[in-house]
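Please open the model in your viewer and keep the sequence panel at hand.

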Amino acid sequence: MPFLQLKQLSYRHPNQHSGLQAINLALQKGEFHCLLGRSGCGKSTLLKLAAGLLKPQSGHVLLENQLITHPAQQIGFVFQNPTLLEWLTVWDNVLLPATLQGKPTPTQQQQAQQLLHELDIADLTSRYPTQLSGGQQSRVAIARALLLQPPLLLMDEPFAALDALTREQLQDSLLSMCAQHQSTVLFVTHDISEALYLAHRLSVLEQGQIYHQQAIALPQPRTDALRSQPQFIELANSLRGLIKELI
Ligand SMILES: Nc1ncnc2c1ncn2[C@@H]1O[C@H](COP(=O)(O)OP(=O)(O)OP(=O)(O)O)[C@@H](O)[C@H]1O
Ligand SMILES: [Mg+2]
């Protein structure tokens, strides 16, 4: 049984003349799945439907065979914009999911500390969001989503505001954290190389439908050296060609 199933999902925003049409997508437990597609094709909308933040006009979402109709605790979400609470410090923003359940436990505080360290923002804990750069805000939002180690992570271009090197470091940290916790991830990106580096499988969304899906047969665990290897570059070129033909 797949861990996450999107079944015949359709959704059209008010005033939109076309939208997502009967999307089917199934992710196995522990799968890292990347979603590619041009701007405006509906990637964020699809992620919000998967999270129960939007209600589909038809079809449904199943997480471990349970119907998702509203945001659930097993789902961590990283929005395309970091959406931090401006009146809370970095530390309190990261601990927010725990605070909402009561007083954060020492283990949760330790986990927050470790995430801040891994995301290289440990020295910013007492700052407020307006005192951070865009990339730092993104990292705080990622730490917040990972705090409770949710079994399903939905991430909407989480690394878009980062420079190339930081981005590559964070890709490695994310992969190792996900492998450690057997997290299942649906990850939106515009970046073909990023998708290939991260994904076990990927889907290309276009005109409200999944036009292409492929498994990425690259060695696991991924290492930085892979990025310059011929098989990686060839795969990136062929995927780029395919996407160009589609859109
Ligand atoms: N709240 C809304 N009300 C009406 N239309 C919306 C709303 N949110 C998104 N849309 C429209 O729905 C379509 C899909 O938007 P969505 O944000 O899902 O795209 P996307 O693939 O994530 O794009 P990007 O890569 O630019 O983030 C777009 O045409 C957008 O203008
Ligand atoms: Mg988007």
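Begin by selecting F77 together with L154: F77 stands opposite L154 in strand β7. Please bear in mind throughout that this is a predicted model.

Strand β6 (residues 75-78) and β7 pair in the parallel sense, over 4 bridges.

β7 and β8 run parallel and are joined by 5 bridges. To view one position of this pairing, select L152, which stands opposite T184 in β8. Then show helix α5, residues 164-181: β7, α5 and β8 make a right-handed β-α-β unit.

Continue to strand β3, residues 32-36. This strand runs parallel to β8, and 4 bridges join the two. Select L35 here; the bridge partner of L35 in β8 is V188.

**The sheet of six strands**

The 6 strands form an open sheet in the order β6-β7-β8-β3-β9-β10, with mixed pairing. Why is one side of β6 and of β10 left without a neighbour in the sheet? β6 and β10 (209-215) stand at the edges and each has a single partner strand, so one side of each remains without a neighbour there. From one strand to the next, the twist averages 15 degrees.

**The sheet of four strands**

Move to the other open sheet, which has 4 strands in the order β2-β1-β4-β5 and antiparallel pairing. β2 and β5 (66-67) stand at its edges; each has a single partner strand, so one side of each has no neighbour in the sheet.

Select strand β1, residues 4-11, and strand β2, residues 20-27. These two pair in the antiparallel sense over 5 bridges. L6 stands opposite L25 in β2. A26, also to be selected, lies in strand β2. With 15 other C-beta atoms within 10 Å, A26 is partly exposed. Draw a distance from A26 to Q5: the two residues are 21 apart along the chain, and their C-alpha atoms are separated by 4.5 Å.

β1 and β4 pair in the antiparallel sense over 5 bridges. Q5 stands opposite L62 in β4, and K7 stands opposite H60 in β4.

**Backbone features**

Most residues other than glycine have a negative phi, and most peptide bonds are trans.

- A22 is in strand β2. A22 is not a glycine, yet has a positive phi of about 45 degrees; with 13 C-beta neighbours inside 10 Å, A22 counts as partly exposed.
- N65 is in the loop between β4 and β5. N65 has a positive phi of about 70 degrees although it is not a glycine. Is N65 buried or exposed? With 9 C-beta neighbours inside 10 Å, N65 counts as exposed.
- Q220 and P221 are joined by a cis peptide bond, with omega about -10 degrees. P221 is in the loop between β10 and α7.

**Helix α7**

At 1.5 Å a residue, the 17 residues of α7 should span 24 Å, and the end C-alpha atoms are 24 Å apart, which agrees. The number of buried residues among the 17 is 1, so α7 lies largely in the open.

Select L246, which lies in α7. L246 has 14 C-beta neighbours inside 10 Å and therefore counts as partly exposed. A distance drawn from L246 to N65 shows 33 Å from C-alpha to C-alpha, for residues 181 apart in sequence.

**The ligand**

Finally, select ligand 1 and the residues around it. How many residues surround ligand 1? There are 13, of which the closest are H13, S39, K43, S44 and T45. By class, this shell has 2 nonpolar, 10 polar and 1 charged residues.

Note on methods. Residues are numbered from 1 along each chain as its sequence is written. Chains are lettered from A and ligands numbered from 1 in the order in which they are written. This is a predicted model: local features need pLDDT of at least 70, side-chain atom pairs count only at pLDDT 80 or more; totals for chains, interfaces and linings use all residues. The expected span of a helix is 1.5 Å times one less than its number of residues. A residue is buried if 20 or more other C-beta atoms lie within 10 Å of its own, exposed if 12 or fewer, and partly exposed in between; C-beta atoms are placed from the backbone. A residue is near a molecule or strand if its C-beta atom, placed from the backbone, lies within 6 Å of it. Ala, Val, Leu, Ile, Met, Phe, Trp, Tyr, Cys and Pro count as nonpolar, Asp, Glu, Lys and Arg as charged, and the others, Gly among them, as polar. Two strands pair if DSSP finds at least two bridges between them. A crossover is right-handed if, with the strands pointing away from the viewer, the path from the first strand over the helix to the second runs clockwise. Axes are lines fitted to C-alpha atoms, for helices over the stretch in contact, and angles run from 0 to 180 degrees between N-to-C directions.
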